[in-house]
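Dear colleague,

Please find the structure below, handed over for your own work. A short account of the findings comes after it.

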Amino acid sequence: MGIELAEGRNVRSEDEILVNEEFVRAIGWTDGAIGKQVHGERRMFGTIVGIMKDFSFSGAYAPMQPVVFNADDTYQAQYTVRLKEPFDDNLRALNREMKEMFPRNDIVFRSLRKELDERYGSVRRFRDSVIIASLSIFLIALMGLFGYINEEIRRRSKEIAIRKVNGAESKDILILLSSNIFWTALISVSLGAMVAYFIGQKWLEQFVDKINHTVFMYIGVILVLNMVIHLGVMFKSWNIANENPADSIKDE
């Protein structure tokens, strides 16, 4: 089932059990749990031989709970089967075989992945909406940026031509046009990333099982966005930076 062991090994007999990390924290053991026995009200559950990493089993919104797994070969009325790829084809084949083998019983295997997708469909739709909105806003911002650059180049064309006549090189013109935009974009994107970080933290608080939400992710976004903006400015400014200054002065 993909459950990972943080310590110890899997069970080998009915008197051995696995517990999760939350179980150890709830008991308050600080000297290790391997080898200790767990007793219930009427019987002993077994000896701990392994500690499982915490995993969500009651839903992404439910708080983590202590878990105990023990070996049991009796019928439990529900079976979990891990299928190989292709999953959908193998699932249909499995249900077809069950129907042929047990025609009078309603034995149906369902896809856990599809059930999880249905349960958290609203979260997925919210994620998709945020991605689409972010891309749309980014494209609109780029259109506005290119429009601003064109207007700035048109307004400062004579200044640029005079600078080139006085010995300025293409790289100097590119730095001149991009410096103000770069610092403005850096400040704006950084403020936006800070707001997005705090909103993301608040949104993730409703989930128990969640990603590692670090500041470095947002620093990476800041660097990538500023690089795209800087490259866009360079692309739009390249022609004017390499243009013959006499042409610009003549147009003026």
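This is a predicted model: local features need pLDDT of at least 70, side-chain atom pairs count only at pLDDT 80 or more; totals for chains, interfaces and linings use all residues.

Residues are numbered from 1 along each chain as its sequence is written, and side-chain values use heavy atoms, with hydrogens and water left out.

The protein chain contains eight helices and five strands (DSSP runs: helices are H or I of at least four residues, strands E of at least two). In sequence order the pattern is β-β-α-β-β-β-α-α-α-α-α-α-α. The radius of gyration of the protein chain, taken over C-alpha atoms, is 31 Å, well over the 18 Å that the globule rule gives for 252 residues, so the chain is more spread out than a compact globule. That rule is 2.2 Å times the number of residues to the power 0.38. The C-alpha trace spans about 95 × 55 × 25 Å along its principal axes.

Of the 252 residues in the protein chain, 25% are buried (under 20% relative accessible area, 1.4 Å probe, protein chains only).

There are three cavities of 30 Å³ or more (on a 1 Å grid over the protein atoms alone, sets of points where a 1.4 Å probe fits but cannot get out). The largest cavity holds about 50 Å³, a volume being the space filled by probe spheres set on the points. Its lining residues, with an atom within 4 Å of a point, include Phe55, Met64 and Val208.

With kind regards

Conventions:
On a 1 Å grid over the protein atoms alone, a cavity is a set of points where a 1.4 Å probe fits but cannot get out, and a pocket is an open set with protein on both sides within 12 Å along at least five of seven lines; lining residues have an atom within 4 Å of a point. Buried means under 20% relative accessible area, exposed over 50%, partly exposed in between (1.4 Å probe, protein chains only).
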